[in-house]
Amino acid sequence: MKKKYLTIALGIVAVIAVSVIWLLNRPKALGNINHSFSSLEPATNTSTISFFAEEGDRIRFYFASDIEQGDLDIVLYDSEGNMVKELDQARELVTYLTIHYDDTYTLAAEYTDFAGNFKAEVFDVK
């Protein structure tokens, strides 16, 4: 009988420990962009997310799109406007970047005569 209670107690402790470790190490959301435009009214604009990152930070980018018409470019810039990374055109993409210097970065979704939808999310991964 004691063995049964000990097994249950150890199981509960294990679940709590795993939960705490996950909460401490989960990716931190830095921002997102989510837009949808009709082909009846295509849009031209730039939407941005800005975030601060330090040297050595590992940043995760998630991008998904369904382009009916027009152009869409997803580009990461540093605070001086220099292109750091351009995300590949893809229906869905997950990519990572290790930051080389402390700065405020801007992820820009630049779209021209765009119809369809897209989503971009940025996470700091430990």
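Mentor: A residue counts as buried when its relative accessible area is under 20%, as exposed when over 50%, and as partly exposed in between, with a 1.4 Å probe and protein chains only as cover. This is a predicted model, in which local features need pLDDT of at least 70 and side-chain atom pairs count only at pLDDT 80 or more, while totals for chains, interfaces and linings use all residues. Residues are numbered from 1 along each chain as its sequence is written, and side-chain values use heavy atoms, with hydrogens and water left out.

Trainee: How do you know whether phenylalanine 118 is buried or exposed?

Mentor: Phenylalanine 118 has 1% relative accessibility, so it counts as buried. Phe51 and Phe118 touch the most other members of the largest nonpolar core, which has 25 residues; such a core is a set of buried Ala, Val, Leu, Ile, Met, Phe, Trp, Tyr and Cys residues joined through side-chain atoms within 4.5 Å. Strand β6 (103-125) gives the most to this core, with eight residues. Leaving aside residues up to four places away in sequence, the contacts of phenylalanine 118 (heavy atoms within 4.5 Å) include Ile33, Phe63, Leu72 and Tyr111.

Trainee: Why is the ring pair of tyrosine 111 and phenylalanine 118 given its class?

Mentor: Rings of Phe, Tyr and Trp (its six-membered ring) pair if their centres lie within 6.5 Å, and planes under 30 degrees apart count as stacked, over 60 as edge-to-face and the rest as tilted. Here the centres are 5.4 Å apart and the planes stand at 55°, so the pair is tilted. Tyrosine 111 is itself buried, at 3%, and Phe37, Tyr111, Phe114 and Phe118 form one aromatic cluster.

Trainee: What makes arginine 91 and aspartate 66 a salt bridge?

Mentor: The definition asks for a side-chain nitrogen of Lys or Arg within 4 Å of a carboxyl oxygen of Asp or Glu, and because the N to O distance here is 3.4 Å, the pair qualifies. It links distant parts of the chain, with arginine 91 in the loop between β4 and β5 and aspartate 66 in strand β3, 25 residues apart. Arginine 91 is exposed at 60%, whereas aspartate 66 is partly exposed at 30%.

Trainee: How many salt bridges does the structure hold?

Mentor: There are two, and lysine 119 with glutamate 121 is one of them, the closest N and O atoms being 3.2 Å apart. Lysine 119, at 31%, is partly exposed, while glutamate 121, at 18%, falls under the limit and is therefore buried.

Note on methods: Helix = DSSP H or I, 4+ residues; strand = E, 2+ residues; numbered from the N terminus.
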